[in-house]
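Visitor: I would like to learn how to read a model like this one. Could you take me through it feature by feature?

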Amino acid sequence: MSSPLMTRVLASFADSFDAAPTTVVHAPGRVNLIGEHTDYNDGFVLPCAIDYHTLVAAQPRDDMTVRVVASDYGDQLDEFRLDAPILPVQGRADQAWINYVRGTVKALLDDGWPLRGAELAVAGNVPQGAGLSSSAALEVAIAQAFKSLQDLDLSQTRIAQLAQIAENRFVGCNCGIMDQLISARSTAGHALLIDCRSLDVSPVHLDTDIAVLIVHSRVKRGLVDSEYNTRREQCEAAAAHYGVAALRDLDEARLVAGRGDLDELAWRRARHVVTENRRTLDAAQALAAGDMVRMGALMAESHVSMRDDFEITVPPIDQLVEILQGVIGPAGGARMTGGGFGGCVVALLPENLVGAAREAIAAQYRAPSGEAASVYVCHPSAGAGPVALHGHA
Ligand code: GAF
């Protein structure tokens, strides 16, 4: 756990509430290794949590008021009551964080959890707007804070589901379950194979000599919401054409045999999802076996499928992937990660190639804005939970 982050959340709590918290919890951001746009098709994903987190420091109140201070937003304070309607705030971009907090609290209440008032300070270091799930980390951390404060018998899977409900119904983003589930349930040192239908998870060990490199393209993810929703609709239309509940239920033979009069675009969208599910299952096996040549080939195929069939990459992202593939060769792989239209590329590569990858990106890549890419070397982190206060308080 980053000590500067802990110091910041404790200072924010002390300044705002004139006390020390009784509990501190964390929830990590994530990077998806493979399995893109498969979660809302009831399919498979293979993300890992990263060692960038949201921390929430908390203490209980003896009334029904919740007060939340956001260290990352100039110590803005939000206050609302649990026994009155909880409504979203509209408008100001720098207040958007409030809706993730209120939405999660409302989802907990609607699910029947007997919440009591609390004072909360929030601080995070998950890069924002990069597609590394800073919002899922915030939602999961808020639910985790109430779980810890009140000793609620709330499973980590239910936390993820309620966080997703907050995002879908309160924030208004129609995301799948991947980001919240990996933040709530991951295991340190492992990626997590998630079956997004059953919500069964299987940790997959990552060799410690393999680095997880995340490269932020600095391309603003402009169309992400509208394009994301369009992709969901196209997938649903394709599933309806094939008469299946979700594209998860289709294999490649049926995809071809049952095409009929399905239009070319919807068919390509379906082909991405069907082949990506197969690649994700294969990738979990390859990683578990330490077969980085196979893993790299699957990551390369995944990128091509996102570029040509699902059409969610952009030229600067394609360029970053090519630069990384040139450095890594068959020793690992690189692909775009996350919802698309900008954001980040993920690479798995031997530790001893990290320096060369950094140099190649610095020498060969600039975003359309002229900015250089940011590079993060991450370690697969544990999922949300309490953080020991010892030595900090
Ligand atoms: C975003 C969504 F939030 C996830 O649910 C997932 O669909 C992803 O895009 C694409 O794989 O991160």
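Guide: Start with a term. A helix here is a DSSP run of H or I with at least four residues, and helices are numbered from the N terminus. Keep in mind that the model is predicted.

Visitor: What follows H2?

Guide: Gly 112, with a positive phi near 95°.

Visitor: How many of the residues of H2 are buried?

Guide: Buried means 20 or more other C-beta atoms within 10 Å. In H2, 11 of the 15 residues pass, so the helix is largely enclosed by the rest of the structure. Among them are Trp 97, Tyr 100, Arg 102 and Lys 106.

Visitor: What covers those buried residues of H2?

Guide: The cover includes two strands, S3 (65–70) and S4 (76–81). It also includes helices H3 (134–150) and H4 (156–171).

Visitor: Now the annotated site. Where does UniProt place the feature "active site"?

Guide: At Asp 179, in an unreviewed entry. This residue lies in helix H5, residues 178–185.

Visitor: Is Asp 179 buried or exposed?

Guide: Buried, because Asp 179 has 30 C-beta neighbours inside 10 Å. Leaving out residues up to four places away in sequence, Asp 179 touches Arg 30, Ser 133 and Ala 136.

Visitor: Which residues surround the ligand?

Guide: Asp 179 is one of them. The others include Asn 32, Glu 36, His 37, Asp 39 and Tyr 40, as well as Cys 175, Gly 176 and Met 178. Gly 338 and Gly 339 also belong to the shell. By class, the shell has 3 nonpolar, 5 polar and 3 charged residues.

Visitor: Which domain feature does UniProt place at residues 12–60?

Guide: The unreviewed entry gives "Galactokinase N-terminal". Over that stretch the chain is 12% helix and 59% strand. Its end C-alpha atoms are 16 Å apart.

Visitor: Let us finish with strands. Which strands pair with S8?

Guide: First, the general idea: in a regular strand, side chains alternate between the two faces of the sheet. Now the case here. S8 (residues 210–216) pairs with S10 (residues 344–350) in the antiparallel sense over 7 bridges. Val 215 stands opposite Val 345 in S10. S8 also pairs with S11 (residues 374–378), again antiparallel, over 5 bridges. There, Leu 213 stands opposite Val 377.

Visitor: Why is S8 described as largely enclosed?

Guide: Because 5 of its 7 residues are buried.

Key. Residues are numbered from 1 along each chain as its sequence is written. This is a predicted model: local features need pLDDT of at least 70, side-chain atom pairs count only at pLDDT 80 or more; totals for chains, interfaces and linings use all residues. UniProt positions are given in the numbering used here, feature names are shortened, and annotations may be inferred rather than shown by experiment. A residue is buried if 20 or more other C-beta atoms lie within 10 Å of its own, exposed if 12 or fewer, and partly exposed in between; C-beta atoms are placed from the backbone. Two residues are in contact if their C-beta atoms, placed from the backbone, lie within 7 Å. A residue is near a molecule or strand if its C-beta atom, placed from the backbone, lies within 6 Å of it. Ala, Val, Leu, Ile, Met, Phe, Trp, Tyr, Cys and Pro count as nonpolar, Asp, Glu, Lys and Arg as charged, and the others, Gly among them, as polar. Two strands pair if DSSP finds at least two bridges between them.
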